[in-house]
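Welcome to a short tour of a protein chain. Please take a look at the model below before reading on.

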Amino acid sequence: MKYRPSRRTRRFGIGAAAITVLAGMNGPALYRFSSDKYHAYKINQPEYKAENGHWDVVDVPQQYRINTIHAALLHTGKVLLVAGSGNNAKNFAAKSFRSVLWDPEKNTFTNIPTPKDLFCSGHSQLPDGKLLVAGGTQRYEKLKGDVEKAGGLMFVHNEDPDKPKTLPAGTRFTGKESGKTFVSKDPLLVPRATKKTNPKTKKVTVSASTARVYVEALRKGRKYQTGTEDNYRIAGLKGKDRQNFYGIAQKLSFDKKDFQGIKMAYEFDPVAERYIPVDPMNEARWYPTLTGLQDGKVLAVSGLDEIGQVVPGKNEIYDPKTKKWKYLPKKRFFPTYPALFLTGKGRIFYTGSNAGYGPDDKGRTPGIWDLKSNRFDVVPGISDPDALETSMSVLLPPAQDQRYMVLGGGGVGEDATSTAKTRIADLRADKPRFRNGPELYAKARYPSSVILPDDTVLTTNGSGDYRGRGDTNVLKAELYTPKTNTARPVADPLVGRNYHSGALLLPDGRVMTFGSDSLFGDKANTKPGEFQQQIDLYTPPYLFRDSRPKLTDTAPRTVKPGGKSTYRTAHPSAITRMRLIRPGSFTHVTNVEQRSIALDFTRTKDGVTVTLPKDASLVPPGWYMLNAVDDQGTPSKAVWVKVPAPAPPKK
């Protein structure tokens, strides 16, 4: 008799076959599911955390989520998150400018009224603990196809040596030849003309002054553009002013319009938690770098001006005592957001890192700049010199070693070039030059590097192409040890971060990462990207150890350069290093504030006594985090120390 399977057996066989078919069809998905489950399990194991650290997502309530472009740690322990308009033209048009103050310890948030569009401004820590914020956005970029009104640059002249004149926004200029009228977008101060008298002939000569302003046609349409130079009458003038004041413009057309900067400057008060206006800069700046100097003053360099051109080497100094700005006597040109570090000899080291605008053959060579003489000594040897844009630069710890690292980078503008090179320059050498360090985890533009209290440097994220184009975000991180010149991978970041992203060390030893502004959201570059509003926290391996030193005297103190201060700790014999770390201010792959200074110290019966260096160019005035590090490399939570500006030299 021929065997016939039972109905139950047939049902089981059909089910098994169906499962086999489904498994074959969904094998990759099942594999990914299993892999993801295993990865989540693995990264949460104590052994893994102790070796690689761990990432967590910050819980940010919806009403406080912003497009964080800039972030700065304040001496209150809070972090100022600045979006301004957040690279969103609709926000700019609506004058919706945002800043949020975040307390990492309590995870609380406060909306801060923001007076102007501080998107793409510059920042610097001041001696009294306020944050200087200067520059920002006057006008958004418009590509050639998006320009609706003819416009361009109007040069306004004044032939009157006896008085200047302010022309309000909305002033009309009408061409004598074309008869076409254009209107100014911003107020304009036209200086008085210069008058010189020849001492021999007594003859007086007058030279007209010149100011410039962006103008647009009154109406949309190609017929309102001009093709040649023309002289322009200024509406609303009377008497002799009608002859003394006039405009001259070249072609006013539909060409691409670049971003334009503002002159406004503010001090953010961490205690009052508000922006305080100070005197505006002499130059409008969008994408400027602000670098603190050894006397507490601040250097402002580069940026796009009020007509969208790179400021032509006109650099200026802010004095926090007078709240005023003063030009440097001589010019020096840099591309926008140049990485300019205060060196141990009171000079400025330009690493070559920058974040964008400027010609590809001017101001991009690394070197040491003497502000007093304007001398610039080139530091040669940097590898991939054509891939310094969007690279990261950091003063390696401890700062006394005066060794600077440049990490990654890419080609000028939207060039697809990127590099995995790291380059190190030792400024203590007789003839400083760059030499290669270990390769970065990947070819990366926009990597973020943070100095940690244990003398390592965390570098994370970036993208292989301009603004993550082609789905090239890099989900990797590493710890670099300067002492051994080696790097090792650590836990992978949770999200991709490229343009408009950054990272900061917090007082508790963790690192926050923020932002990212991808052009596209897919590999084919067909889906628009979305700004990454998520904030993450990286807990380094040193915080997964059994013990941690503690400084029990936590009240903020003022310690003069060269001065001493004693702090209590339970196990002084275990302390091997004391580090003074300047709080960071990160924007556009630029954080020239952060530095870690090694302190001389002696152990007492129940604590440590530290001695600060005397050199103010090594320890510029301001607030610092003080960390004790034990023999396992584990740092304490930071206590805050205020280092005042040195007394001026006696005359």
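Predicted model: local features only at pLDDT ≥ 70, side-chain atom pairs only at ≥ 80, totals over all residues.

Let us look at strand β36 and its partners. Strand β35 (residues 457-460) pairs with β36 in the antiparallel sense, over four bridges. Two positions show how these strands line up: V457 stands opposite Y480 in β36, and T459 stands opposite E478 in β36. Strand β37 (residues 486-489) also pairs with β36 in the antiparallel sense, over four bridges. Here, L479 has R488 of β37 as its bridge partner.

Why can strand β36 be called largely enclosed by the rest of the structure? Strand β36 spans residues 477-481, and four of its five residues are buried, so the strand is largely enclosed.

In soluble globular proteins, nonpolar side chains tend to be buried together. The largest nonpolar core of this model holds 70 residues. Which of its residues touch the most other members? They are V79, L81, W102 and M512.

Leaving aside residues up to four places away in sequence, M512 touches V79, L81, W102, G502, A503, L504, L506, I535, D536 and L537. Apart from this core lies another, of 34 residues, and F341, I382, L395 and I575 are among them.

**Aromatic rings**

A pair of aromatic rings is described by the distance of the centres and the angle of the planes. The count of aromatic pairs in this model comes to 24. In one of them, the rings of W286 and Y287 have centres 4.2 Å apart and planes at 20°, so this pair is stacked. W286 is buried, with a relative accessible area of 1%, and Y287 is buried with a relative accessible area of 1%.

Another pair has its planes at 90°: the ring centres of F514 and F586 are 6.4 Å apart, so the pair is edge-to-face. This pair links distant parts of the chain, with F514 in strand β39 (residues 511-515) and F586 in strand β44 (residues 585-587), 72 residues apart. F514 counts as buried at 0% relative accessibility, and F586 counts as buried at 0% relative accessibility.

W286 and Y287 also belong to an aromatic cluster, together with F92, F119, Y140, F259, Y337 and Y357.

Some rings have a charged neighbour. The charged end of K362 sits over the ring of F333, at 4.5 Å from the ring centre. The ring of Y567 has the charged end of R557 over it, at 4.1 Å from the ring centre.

Most residues other than glycine have a negative phi, and most peptide bonds are trans.

| Residue | Phi | Relative accessible area |
|---|---|---|
| N107 | about 55° | 30% |
| K323 | near 65° | 27% |

Where do they lie? N107 is found in the loop between β4 (98-103) and β5 (108-113), while K323 lies in the loop between β24 (316-319) and β25 (324-327). N107 is partly exposed, and K323 is partly exposed as well.

What kind of peptide bond joins P397 and P398? The bond is cis, with omega at about -10°. You can find P398 in the loop between β30 (392-395) and β31 (403-407).

Terms used. Residues numbered from 1 in each chain as written. Heavy atoms only, no water. Buried < 20%, exposed > 50% of the residue type's maximum accessible area, 1.4 Å probe, protein only. Pairing = 2+ DSSP bridges. Core = buried A, V, L, I, M, F, W, Y, C linked by side-chain atoms within 4.5 Å. Contact = heavy atoms within 4.5 Å. Phe/Tyr/Trp six-rings, centres within 6.5 Å; stacked < 30°, edge-to-face > 60°. Lys NZ or Arg CZ within 6 Å of the ring centre and 35° of its normal.
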